[in-house]
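Open the model in your viewer and keep the sequence panel beside it. The stops below say what to select and what to look for.

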Amino acid sequence: MNQRTGLLAIGWVLWLASGLAGPAGAAEDGGTRSVFAEGAGNRALALGGAFVAVADDASSPLWNPAGLGWVPRREFQASRTSLYGLGFTEEYASLALPSWRLGGAAIIFRHFGVDGIEGRDDRNVITDSDLSDSQTVVTLSYGRSVAPGWSLGGSLKWRRQSLAGASAG
């Protein structure tokens with residue numbers, strides 16, 4: 001088989017495989033899912049849902065607070081993202097403080113904001129073109145290893161949302 005024949009065969013296989021793929025579908029949450037539904041932390045996001053089982057760094061309270069019982073040393077994580085220049089920003093900071101006797105504690109700050117939202121009245125006429133929305137969550141967590149391979153933990157969260165000047169917590 002020469003190189004050209006091999007490339008044609010690969011092309012046909014890819015074309016056939018693309019025809020077998022199902023149609024893309026939208027999320028079924030109707031836009032009600034929180035922007036904080038996904039976790040944070042580079043390692044955790046790279047592992048996806050698998051991080052729940054091995055949560056052992058400063059981002060563990062977002063995935064599995066019991067993982068604070070396995071954090072080996074003090075750790076600080078922070079990130080800031082400006083998504084695609086569209087006015088979306090996300091900030092994340094986490095500090096984990098483990099103690100071999102008392103277990104581990106952590107505090108996490110997350111903030112998501114968007115600006116440039118249009119306000120409209122009941123006749124769909126634009127009333128304002130620069131409204132903003134922001135959501136903030138502060139989480140306090142504790143976790144402790146209770147036996148080899150077993151750990152318990154929990155979190156308390158304070159959440160605040162502000163949209164177009166109205167806010168609630």
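Among contacts in the protein chain between residues at least 6 apart in sequence, what percentage join residues at least 24 apart? The figure is 42%, where contact means heavy atoms within 4.5 Å.

This is a predicted model, in which local features need pLDDT of at least 70 and side-chain atom pairs count only at pLDDT 80 or more, while totals for chains, interfaces and linings use all residues. Residues are numbered from 1 along each chain as its sequence is written, and side-chain values use heavy atoms, with hydrogens and water left out.

**Whole chain**

Start with a cartoon of the protein chain. Four helices and six strands make up its secondary structure; helices (H or I, at least four residues) and strands (E, at least two) are DSSP runs, numbered from the N terminus. Along the sequence the pattern reads α-α-α-α-β-β-β-β-β-β. Of the 169 residues, 27% count as buried. Buried means under 20% relative accessible area, exposed over 50%, and partly exposed in between (1.4 Å probe, protein chains only).

**The sheet**

Select the six strands. They form an open sheet in the order S1-S2-S3-S4-S5-S6, with antiparallel pairing. Strand S1 (75-83) and strand S6 (166-168) are at the edges with a single partner strand each, so one side of each has no neighbour in the sheet. From one strand to the next, the twist averages 10 degrees; axes are lines fitted to C-alpha atoms, for helices over the stretch in contact, and angles run from 0 to 180 degrees between N-to-C directions. Two strands pair if DSSP finds at least two bridges between them.

Work across the sheet from S1. S1 and S2 are antiparallel, paired over nine bridges, and leucine 83 stands opposite phenylalanine 88 in S2. Next, select residues 88-99 and 103-120, which are strands S2 and S3. These two pair in the antiparallel sense over 12 bridges, and they form a hairpin with three residues between them.

**Asparagine 124**

Is asparagine 124 buried or exposed? Asparagine 124 is exposed, with a relative accessible area of 51%. Asparagine 124 lies in the loop between S3 and S4, a hairpin with five residues between the strands. Check its backbone angles: phi is positive, about 70 degrees, although the residue is not a glycine. Most residues other than glycine have a negative phi.

At 4% relative accessibility, arginine 110 counts as buried. Which side chain makes a polar contact with the side chain of arginine 110? The partner is glutamate 90, at 3.0 Å. A polar contact is a pair of N or O atoms within 3.5 Å; within protein, one must be able to donate a hydrogen and the other to accept it, and residues adjacent in sequence count only if both atoms are side-chain atoms. Not counting residues up to four places away in sequence, arginine 110 touches several others, including Phe36, Leu62, Glu91 and Gln135.

Move to glutamate 91, in strand S2. Its side chain and that of arginine 80 are joined by a polar contact of 3.2 Å. Leaving aside neighbours within four places in sequence, glutamate 91 is in contact with residues that include Ser79, Phe109 and His111.

Last, select proline 65, in the loop between helix H4 (60-63) and S1. Proline 65 is buried, with a relative accessible area of 19%. Its C-alpha atom is separated by 9.4 Å from that of glycine 104, 39 residues apart along the chain. Residues touching proline 65, with those up to four places away in sequence not counted, include Ser60, Tyr142 and Gly153.
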